[in-house]
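Hi,

Here is the structure I promised to pass along. Have a look at it first, and then read on for my notes.

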Amino acid sequence: MPEGDTIFRTAEVLRAVLLGRRITGARAQARPGLRRVPDLSRLVGGSVESVESRGKHLLIGVDNGLTLRSHLRMSGSWHRYRPGERWRRPMREASAVLETAESVVVAFNTPVVELLTDADLRRSRALNELGPDLLARDFDGTEALRRLRERGLEELGNALLDQRAVAGIGNVIKSEVAFIERLDPWAPVGAFQDAELEAALATARRLLQANTRGGSRVTTRSPARGQGLWVYGRVQRPCRRCGTVIRSARQGEMARLTYWCPRCQAARAP
């Protein structure tokens, strides 16, 4: 499931094969959820000058003033191949393809692919509204706390997923952070002290940083198979701390699953 750590790692991988390379071919095709198919042929002839992540957004900048923005949502992924190498997924699942003389990179099942001019980039609501990026070197914890506080009536689980408050947290990290810090994900943000929210942000940043190297996501510090996560995906299994049965329920307008231990994360009164 793509979260900030996945996008950070993807940017690193693509940067290694694209940076400074001239684009020789570029195309996009309609995919479910992709509302508008951009004309990526405008990128051909340009050289890639930047590949970066911003929260869950991936930005590929080209020296002709255009930037390719993608968002993987729940199902998307970027792959890299050598020219002529067989793809691991079928062509019909490709949302966007970029080619250089040395490599081919493909976004599969990616519902957000758009081409932005420099002016578009400055005006982009999706990017301008982002909260502080937990994986940025200059992460502003004070601003992130302030933005969380603005969502005082919102349930903590929903607030942590709100990319306008803090960028990079997805459903896995949300549940894991709340468990590690013993916070009730169903309580409103206003029920928590600043120190508790600051600890949650620090833990989220630590977990995302620790998982930027790829592989299965681990939050327990145990890479053994089936031991990597505290609560996520472990409904009806015993809590690793206290043995209480882990619960799950859908939360928020997007009905995202939240996992928690009723004992370790006792209900918090508003």
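This is a predicted model: local features need pLDDT of at least 70, side-chain atom pairs count only at pLDDT 80 or more; totals for chains, interfaces and linings use all residues.

**Salt bridges**

Searching the whole structure turns up 17 salt bridges. I'll go through a few of them.

Let's begin with Arg123 and Asp120, whose side chains meet in a salt bridge at 3.0 Å, N to O. How far apart are Arg123 and Asp120 in helix H2? They are 3 residues apart in that helix (residues 118-123), so about one helical turn separates them. As for how open the two partners are, Arg123 has a relative accessible area of 59%, so it is exposed, given that the cut-off is over 50%. Asp120 comes out at 26% relative accessibility and therefore counts as partly exposed.

Next, helix H4 (residues 141-149) holds both Arg147 and Glu143, 4 residues apart, which is about one turn of the helix. These two form a salt bridge as well, with their closest N and O atoms 2.9 Å apart.

Then there is Glu150, which pairs with Arg151 in a salt bridge where the closest N and O atoms are 3.8 Å apart.

**The largest pocket**

How much space lies in the largest pocket? About 1,600 Å³. It is lined by 43 residues, and those closest to its centre are His57, His71, Arg73, Gln163 and Met254.

Which helices and strands supply at least two residues each to that lining? They are strand S4 (66-71), strand S8 (112-117), helix H3 (125-128) and helix H5 (156-161). S8 gives the largest share, with 4 residues.

Sorted by class, the lining of the largest pocket has 17 charged, 16 nonpolar and 10 polar residues.

Happy to talk any of this over once you've had a look.

Cheers

Methods:
Residues are numbered from 1 along each chain as its sequence is written. Side-chain values use heavy atoms; hydrogens and water are left out. A salt bridge is a side-chain nitrogen of Lys or Arg within 4 Å of a carboxyl oxygen of Asp or Glu. Buried means under 20% relative accessible area, exposed over 50%, partly exposed in between (1.4 Å probe, protein chains only). On a 1 Å grid over the protein atoms alone, a cavity is a set of points where a 1.4 Å probe fits but cannot get out, and a pocket is an open set with protein on both sides within 12 Å along at least five of seven lines; lining residues have an atom within 4 Å of a point. Grid points are joined across faces, edges and corners, and a volume is the space filled by probe spheres set on the points. Ala, Val, Leu, Ile, Met, Phe, Trp, Tyr, Cys and Pro count as nonpolar, Asp, Glu, Lys and Arg as charged, and the others, Gly among them, as polar.
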